[in-house]
Amino acid sequence: MDMSQPSGNLRFANINGRASIIASTQPDGGGTAIDLERATDGTFGHLPMSVFARWDELRNVAPSLQATPVAFSATDLGAPSPEPRQIFGIGLNYRAHAVETGAPIPDSPLTFTKFASSVNAPHGDIPITVATVDWEIEVVAVVGSGGRDIPESNAWDRIAGICVGQDVSDRLLQRATQPPQFSLGKSRAGFTPFGPWLVDARELSQRDSLALTCTLNGEVVQQSNSNDLIFSIPRLVAYLSTIVELLPGDVIFTGTPSGVGAARKPPRFLAPGDVLVSSVDGVGTLTNRCV
Ligand code: ZN
């Protein structure tokens with residue numbers, strides 16, 4: 001998997017709760033980073049959530065920061081937006097996944113929430129407390145300045161960056177009521193890992209064509225490209241912002257491609273000991289152990 005980055009690409013991370021800029025990365029998920037508050041003499045605060053409304057300012061100052069990068073390990077990383085006010089999930093947003101679930105291709109984005117208490121670190125463990133827990137690799141967009149009624153043509157300017165997410169789902173709970181209400185089934189403890197860092201959307205040349213791969217215990221279970229999205233990221237931002245105000249740091253899980261466990265014959269679900277590795281080329285990798 002090609003994890004290389006063009007030099008100068010802004011990558012924002014939450015390292016032990018502190019807003020940080022990635023300087024270099026290692027194959028083991030660690031690397032070196034600059035602490036944003038220290039490097040800017042307090043112009044930026046240390047809280048990751050304080051940065052998103054000032055993303056354009058961050059883009060301007062990041063290339064000239066002079067601080068010496070400090071080593072971090074994969075387990076030092078928290079979710080890049082650790083306390084989002086809104087997390088949006090989009091269902092059935094890849095054609096092949098809609099087909100595998102037997103559902104019709106939606107006319108408008110099927111939208112649910114993942115409640116914020118389910119946010120997990122990019123390499124956090126996933127507690128398996130029931131027998132029907134499934135995987136869903138997704139491209140995740142984190143909102144920068146946000147707003148209402150954002151035109152599709154300007155939508156990328158309101159997004160801070162892109163990262164990798166797992167929309168972990170309890171399928172039984174997701175379908176427990178009629179009509180189904182997905183949100184609780186998507187929100188058990190640890191069900192919302194994303195990261196490992198945010199790649200600035202402006203500098204990501206392939207932002208509309210991102211290759212995704214999810215492996216379970218080394219076996220490829222999902223492989224697709226975000227150019228197969230039914231509703232593109234700009235279209236989702238435009239649609240959602242006609243209804244709700246998108247707030248700095250809001251998280252949008254953009255949907256999963258085909259290959260989920262529930263659609264297999266026989267169905268396959270996660271069990272303690274399983275290791276889920278989720279990668280988006282040019283963005284990064286999550287490694288989550290089921291416990
Ligand atoms: Zn999903």
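Is glutamate 57 buried, partly exposed or exposed? Glutamate 57 is partly exposed, with a relative accessible area of 34%. This model is predicted.

**The zinc site**

- Three residues coordinate the zinc ion: Glu136 (OE), Glu138 (OE) and Asp167 (OD).
- The coordinating atoms sit at 1.9 to 2.1 Å.
- Along the sequence, the donor residues follow the spacing E-x1-E-x28-D.
- Both glutamate 136 and glutamate 138 are buried.
- For glutamate 136, the relative accessibility is 4%. It counts as buried because buried means under 20%.

- The model has 14 salt bridges.
- One of them joins the side chains of glutamate 57 and arginine 54, at 2.9 Å from N to O.
- Arginine 54 is partly exposed, with a relative accessible area of 25%.
- Another salt bridge links aspartate 125 to arginine 289, and their closest N and O atoms are 3.2 Å apart.
- Aspartate 125 lies in the loop between strand E8 (119–120) and strand E9 (133–134), while arginine 289 lies in strand E18 (residues 284–289), so this pair ties together parts that are 164 residues apart in sequence.
- Aspartate 125 is partly exposed, with a relative accessible area of 34%.
- Arginine 289 is also partly exposed, at 43% relative accessibility.

**A salt bridge at a zinc donor**

- Glutamate 136 coordinates the zinc ion, and its side chain also meets that of arginine 171 in a salt bridge (2.9 Å, N to O).
- Arginine 171 belongs to helix H4 (residues 171–174), and glutamate 136 to the loop between E9 and strand E10 (137–143), so the bridge ties together parts that are 35 residues apart in sequence.
- Arginine 171 counts as buried, at 13% relative accessibility.
- Salt bridges with shared partners join Lys114, Asp134, Glu136, Asp167, Arg171 and Lys186 into one network.

**Strand E10**

- E10 is mostly covered, with seven of its seven residues buried.
- Ile137, Val139, Ala141 and Val143 point one way from the strand.
- Glu138, Val140 and Val142 point the other way.
- Glu138 is a zinc donor as well.
- E10 pairs with strand E11 (residues 159–166) in the antiparallel sense, over seven bridges.
- Within that pairing, valine 139 has valine 164 of E11 as its bridge partner.
- E10 also runs antiparallel to strand E16 (residues 251–253), and three bridges join the two.
- Here valine 142 has valine 251 of E16 as its bridge partner.

**Nonpolar cores**

- The largest nonpolar core has 49 residues.
- Val139, Ile162, Ile233, Ile252, Leu270 and Val283 touch the most other members of this core.
- Several elements each supply at least two residues of the core, among them E10, E11 and helix H5 (233–241).
- Domain 1 (11–78) and domain 2 (87–289) both give residues to this core, so it lies between them.
- Isoleucine 233 touches Val139, Ala141, Trp156, Ile159, Ile162 and Thr254, leaving aside residues up to four places away in sequence.
- A second, separate core has 22 residues, including Leu36, Trp55, Leu65 and Ala160.

Terms used
Residues are numbered from 1 along each chain as its sequence is written. This is a predicted model: local features need pLDDT of at least 70, side-chain atom pairs count only at pLDDT 80 or more; totals for chains, interfaces and linings use all residues. Side-chain values use heavy atoms; hydrogens and water are left out. Donors are N, O and S atoms within 2.8 Å of the metal (3.2 Å for Na, K and Ca); water is not among the atoms, so sites may look incomplete. Buried means under 20% relative accessible area, exposed over 50%, partly exposed in between (1.4 Å probe, protein chains only). A salt bridge is a side-chain nitrogen of Lys or Arg within 4 Å of a carboxyl oxygen of Asp or Glu. Helices (H or I, at least four residues) and strands (E, at least two) are DSSP runs, numbered from the N terminus. Two strands pair if DSSP finds at least two bridges between them. A nonpolar core is a set of buried Ala, Val, Leu, Ile, Met, Phe, Trp, Tyr and Cys residues joined through side-chain atoms within 4.5 Å. Domain bounds come from an automatic or database domain assignment. Contact means heavy atoms within 4.5 Å.
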